[in-house]
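Student: Could we go through the disulfides of this model together?
Tutor: Gladly, let us take a look.

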Amino acid sequence: MRVVGPRPALLLALALLGTPLPAWAEPAKTDSVKTDSVKTDATKTGTGKAEGTLAQVKARGHLVCGVSPGVAGFSVPDGQGHWTGLDVDFCRALAAAIFDNPEAVRFIPQSSAARFTALQSGEIDVLARNTTWTLSRDTAAMNFPAITFYDGQGFLVRKALNIGAVKQLDRATICLQQGTTTELNLADWFRTRGLTYQVVTFANSEQTLGAYESGRCDAYSTDQSSLYGERLKTAHPDEHVILSEAISKEPFAPGVRQGDDQWRDIVAWTHYAMLDAEEAGIRQDNVEQMRREAPSPDARRILGLEGGYGERLGLTADWVARIVRHVGNYGDSFARNLGDGTPLKIPRGLNALWNQGGLQYGPPIR
């Protein structure tokens, strides 16, 4: 039963008499230790808005980006430790958007096995390492903000074997790298078609390629984009061919920790901005002219001349102009690292813009 009475008047009378308040009238106690603990945890994990990843990166003065130890066209260091590649360009674009300086980034090579731990422990701010977006990874305390490259699992074989289709690898020995999605893809594809094979796995790509070259395997299977670079490492590249058929979907995406929506948005929109700039014809060689002339409302919004969209991300109005000025648009980066002018000669294919037959599509900045 609920007791109804003149509680306000009674409280006043008790207060005047100096009588202790009854239990029901005591103010609710708060667990200050627990509240402080939550704040501390949020600060450590970057989930607190005031102490999120962007604030930490700015305070540090540079971005920390996890990349592959060496995948041609995506992330490769030279003899002086200077990194190049599509994934490297993405990290430099993030640094340009934040600091107006593409060199304000530290690259930390990550193995397949250690990459997710490095991200979740806070060792790196973003993982940009030819990593496939899957449901299990997405639900394991990670977010994948945008697909930066559409790929598929393929096969490298010797021309002398005269293999033109994957089904001809029935009863073949296939070399794979551990800690990737390739082994499960292979099992699914061969089992579905009633084919058999023998798999040999290795800790890294160097060991895998070495085993393939030595004749231990009939084929080397990994992402098709990686196979272009692996073929160039062989003693006689012209003696090997990459089968045109792909047996899986491999959407590569940068990874960030869950719980920091602002940082996720910044990472996503860095990629989208590079796509939108390409679609609008804003390139590294004409960005300053486009800022002066700004021929269309879309270009004006992209370049930060109106709308103030950069501020909504916690960046400056000219954040996209910074990216394009220092790194280029998506097409600039693709051509520089993977395209016909490079030894890899990887076609744009699915990575062409949506209005040119591909899947790359940047939501509008508006």
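**Disulfides**

Tutor: The torsion about the S-S bond of Cys 175 and Cys 217 is about 45°, so this disulfide is right-handed. A disulfide here is a pair of cysteine sulfur atoms within 2.5 Å. This is a predicted model, in which local features need pLDDT of at least 70, side-chain atom pairs count only at pLDDT 80 or more, and totals for chains, interfaces and linings use all residues. Residues are numbered from 1 along each chain as its sequence is written, and side-chain values use heavy atoms, with hydrogens and water left out.

Student: Is Cys 217 buried or exposed?
Tutor: Buried means under 20% relative accessible area, exposed over 50%, and partly exposed in between (1.4 Å probe, protein chains only). Cys 217 has 1% relative accessibility, so Cys 217 counts as buried.

Student: What is the S to S distance between Cys 65 and Cys 91?
Tutor: A disulfide joins these two cysteines. Cys 65 sits in strand β1 (residues 63-67) and Cys 91 in helix α4 (residues 86-99). The S to S distance of Cys 65 and Cys 91 is 1.9 Å.

Technical notes. Helix = DSSP H or I, 4+ residues; strand = E, 2+ residues; numbered from the N terminus.
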